[in-house]
Amino acid sequence: MSRLHLHPESHLVARIGWLRAAVLGANDGIVSTASLIVGVAAASAATSEVLVAGVAGLVAGAMSMAAGEYVSVSSQSDTEQADLARERAELASQPEFEREELTRIYMDRGVDSDLARQVADQLMAKDALTAHARDELGISEVTAARPIQAALTSAATFAVGAALPLSMVVLLPDSLLVAGVSIASLIFLALLGAIGARAGGANIVRATVRVTFWGALAMALTAGIGSIFGTVV
């Protein structure tokens, strides 16, 4: 048995599609809902009004995330499919040019010309389109756009993220609502940053600080606006 079979590897880049959508959805759910709650509460609204606003924000945000992710990732998928169709036509009409193109790509990466030509010949004999998609276009099974996966992941994680600060509205008294939701949401954001970094193999401290800082800034601005307009009204 070869050493490769004895030492299997699992690279974290395979998670990049759903992980990006999950972190985006959860972060947006926490920040937008917490900011909405803090802003409405700072305007001296009743708890029932704050709760209604939060629930409406959760539902609307989850649907918006699903639609936005599906549309944007579908655009990426459309572009990928158009490039693949063009490449398929070029392989059918001018295979020798495409073989030379693939050879040049490997040579530019440091492979000897004779070996590069041999590799190009063997890869094109097995699956020419896949070889060109991966090495010429940068499209692979790992990085390919998946609109439905992105939409469902973002919507689900947005709803979960939004439910966290929303639960504070039910648990906290009116007098502690603004401060309590703000502090709890920052803790939730810190946990999200740490979990996301751990899942992606990134630096946990850097990710936690980054997510928490921008969340705190968003809530502070929203609370300020709610306080100003609440006072004016």
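Reader: What is the order of elements in the protein chain from the N terminus on?

Author: The order is α-α-α-α-α-α-α-α. The model is a predicted one. The protein chain has eight helices and zero strands.

Reader: Why is E69 called buried?

Author: Its relative accessible area is 5%. Buried means under 20%. E69 falls under that cut-off, so E69 is buried.

Reader: Where is E69, and what does E69 touch?

Author: E69 sits in helix α3. Leaving out residues up to four places away in sequence, E69 touches R20, A21, L24, S74, A150, A151 and S154.

Reader: How much of the protein chain is buried?

Author: Buried residues are 35% of the 233 residues. The accessible surface is about 13,500 Å². Carbon and sulfur atoms hold 66% of that surface.

Reader: How do you know that α3 and α5 meet?

Author: Contact means heavy atoms within 4.5 Å. On the α3 side, L84, E87, R88 and L91 take part. Their partners in α5 are M124, A128, L129, H132 and A133.

Reader: What makes two residues of this contact charged?

Author: Glu and Arg count as charged. E87 and R88 are in the contact, so they are the two charged residues. The contact also has six nonpolar residues and one polar residue.

Reader: At what angle do the axes of α3 and α5 cross, and what is the hand of the crossing?

Author: The axes of α3 (residues 47-93) and α5 (residues 113-135) cross at roughly 145° and come within 9 Å. The crossing is right-handed.

Reader: What share of contacts joins residues at least 24 apart?

Author: The share is 75%, among contacts between residues at least 6 apart in sequence.

Conventions:
Residues numbered from 1 in each chain as written. Predicted model: local features only at pLDDT ≥ 70, side-chain atom pairs only at ≥ 80, totals over all residues. Heavy atoms only, no water. Axes fitted to C-alpha atoms, helices over the stretch in contact; angles between N-to-C directions. Helix = DSSP H or I, 4+ residues; strand = E, 2+ residues; numbered from the N terminus. Left-handed = near helix turned anticlockwise from the far one by under 90°. Buried < 20%, exposed > 50% of the residue type's maximum accessible area, 1.4 Å probe, protein only. Areas by Shrake-Rupley, 256 points an atom, 1.4 Å probe, with all protein chains shown as cover.
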